[in-house]
Amino acid sequence: MNSRLYQTKSVHAQIAHELGRRIASGALAEGELLPKEADFQAEFSASRQAVREALKVLAAKGMIYSRKRAGTFVNNRASWNMLDPDVLAWHPRQAVPEQVLQELIELRVMIEPFAARLAAKRADENAIHQIELAVEQMRGGVDDPSKFYDADLNFHLAVFGASGNSLVDRLSTIISPLLEAAFSRQREVHGPFDEGYLQHERVYEAIKSGDHDAAEAAMRALLVQAKEETTSE
């Protein structure tokens with residue numbers, strides 16, 4: 001499992017991941033009363049303490065809440081911490097709400113063009129090479145949507161890293177599960193992959209040449225297309 005996610009070695013962590021997936025998928029619906037702790041103990045062959053620790057994890061992420069003498073309930077989705085990597089990873093890709101995908105695009109438009117601009121100014125040889133590798137992978141995946149979008153994700157994460165801004169780079173690790181969901185949506189309505197590859201290549205060439213204005217503009221143009229393929233607006 002990716003190191004950014006909650007560890008899974010302990011019993012309580014395994015329970016938290018399983019219950020988190022059930023909640024995110026809707027198997028445990030918003031407002032639903034959770035089974036009693038004893039039921040979870042029996043299901044997972046776990047101690048009472050392990051179950052309680054798992055529930056604490058979910059509560060900290062805003063997914064559940066408790067009412068005295070009433071029990072523990074699934075919280076409204078609006079209260080979930082949707083920037084938490086676990087919460088995002090627990091969602092089936094097709095179940096990520098449309099509003100969240102729209103908000104992701106808005107966030108990307110605010111951040112990624114400037115990240116590309118910073119990359120054009122600051123990226124060292126290794127950072128540029130990582131972007132180049134992703135572009136080459138995209139070129140090799142123009143006939144394979146799965147390979148293309150895996151490379152697409154690598155490209156955007158590489159640009160974040162090349163920005164030289166540690167907070168921007170950290171943000172990329174937080175939103176990458178949501179980017180995966182967005183790219184999954186784009187697979188369903190994608191435009192020509194050749195054009196998608198060329199758009200990413202333009203960003204790469206601008207960063208490589210140190211043309212920060214062109215890098216920012218190319219990334220902004222790329223995101224306009226991504227918005228059309230990701231949302232229903």
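**Surface, fold and strand pairing of the predicted chain**

The accessible surface of the protein chain amounts to about 11800 Å², and carbon and sulfur atoms contribute 49% of this area. The structure is a predicted model, and the values reported here are accordingly computed from its coordinates. Of the 233 residues in the protein chain, 47% are buried. The C-alpha trace spans about 65 × 35 × 30 Å along its principal axes.

With regard to charge, the protein chain carries 27 positive and 34 negative charges. The mean position of the positive charges lies 10 Å from that of the negative charges.

The secondary structure consists of 10 helices and two strands. Among contacts in the protein chain with a separation of 6 or more, 71% are formed between residues 24 or more positions apart.

Strand β1 comprises residues 64-67 and strand β2 residues 71-74; the pair runs antiparallel and is joined by four bridges. At one of these positions, Arg 67 has Gly 71 of β2 as its bridge partner. Together, β1 and β2 form a hairpin in which three residues lie between the strands. The turn includes Arg 69, for which phi is positive, at about 65°.

Key. Residues are numbered from 1 along each chain as its sequence is written. This is a predicted model: local features need pLDDT of at least 70, side-chain atom pairs count only at pLDDT 80 or more; totals for chains, interfaces and linings use all residues. Side-chain values use heavy atoms; hydrogens and water are left out. Buried means under 20% relative accessible area, exposed over 50%, partly exposed in between (1.4 Å probe, protein chains only). Contact means heavy atoms within 4.5 Å. Accessible areas come from the Shrake-Rupley method with a 1.4 Å probe; for residues, only the protein chains shown count as cover. Lys and Arg count as positive and Asp and Glu as negative; His and the chain ends are not counted. The place of a charge is taken as NZ of Lys, CZ of Arg, CG of Asp or CD of Glu. Two strands pair if DSSP finds at least two bridges between them.
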